[in-house]
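These are my notebook entries on one chain, written down in the order in which I looked things up. I began with the terms and then went through the helices one at a time.

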Amino acid sequence: MNVANLQLEGLVMAIATINHILVRKGVLSAEEIDIALRKAEASETSGERSEELSSSHRDAINFPIRLLQLANQCQPEADIPSFSTLARMVGQMKEPYNDQM
């Protein structure tokens with residue numbers, strides 16, 4: 001496996017853990033984090049750049065956002081599932097794009 005992929009995996013899980021702690025401490029709500037992640041995904045899936053990307057490239061861009069959304073759905077008192085578990089869930093929930101290519 002590419003070392004950069006492992007670094008990104010660690011970074012995404014670190015962000016998921018920080019989000020989890022922010023919710024547990026009451027700094028942000030899970031809903032506020034979800035809204036921010038939805039805005040991030042929307043900004044990446046709309047516009048001219050998105051139209052130029054293949055569906056696999058859009059999936060790659062949105063993968064960490066979707067993984068963080070799933071991690072955010074965990075109860076604050078529960079542990080976050082592993083990266084591999086969350087990644088599998090992202091693959092299962094993925095919706096097809098409307099490609100004209």
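Entry 1, terms and model. I take helices (H or I, at least four residues) and strands (E, at least two) as DSSP runs, numbered from the N terminus. I am working on a predicted model, in which local features need pLDDT of at least 70 and side-chain atom pairs count only at pLDDT 80 or more, while totals for chains, interfaces and linings use all residues. I number residues from 1 along each chain as its sequence is written, and I note that side-chain values use heavy atoms, with hydrogens and water left out.

I looked up the secondary structure and found five helices and zero strands, in the order α-α-α-α-α along the sequence. The C-alpha trace spans about 45 × 30 × 20 Å along its principal axes. Of the 101 residues, 27% count as buried, where buried means under 20% relative accessible area, exposed over 50% and partly exposed in between (1.4 Å probe, protein chains only). I then looked at contacts, meaning heavy atoms within 4.5 Å, and among those between residues at least 6 apart in sequence, 65% join residues at least 24 apart. The accessible surface, from the Shrake-Rupley method with a 1.4 Å probe, for which only the protein chains shown count as cover of residues, comes to about 6800 Å², and 56% of that belongs to carbon and sulfur atoms.

Which residues of α2 are buried? I list I33, D34, L37 and E41, and they cover an arc of only 100 degrees around the axis, which puts them on the same side of α2; the arc is that of the directions from the helix axis to the C-beta atoms. An α-helix has 3.6 residues a turn, so residues three or four places apart point the same way. The buried residues of α2 pack against α1 and α4 (55-72), whereas the face turned away from the buried side carries the exposed residues E31 and K39. After α2 comes G47, with a positive phi near 95 degrees.

I placed E41 in helix α2 (residues 30-45). Is E41 buried or exposed? E41 counts as buried because its relative accessibility is 15%. Leaving out residues up to four places away in sequence, I find that E41 touches N62, I65, R66 and Q69.

In α5 (residues 83-93) the buried residues are F83, L86 and V90. Seen down the axis of α5, these buried residues fall within an arc of 70 degrees, so they line one face of the helix. They pack against α1 and α4, and the face turned away from them carries the exposed residues G91 and Q92.

I found A60 in helix α4, and A60 is exposed, with a relative accessible area of 51%. The C-alpha atoms of A60 and I80, which are 20 residues apart along the chain, are separated by 22 Å.
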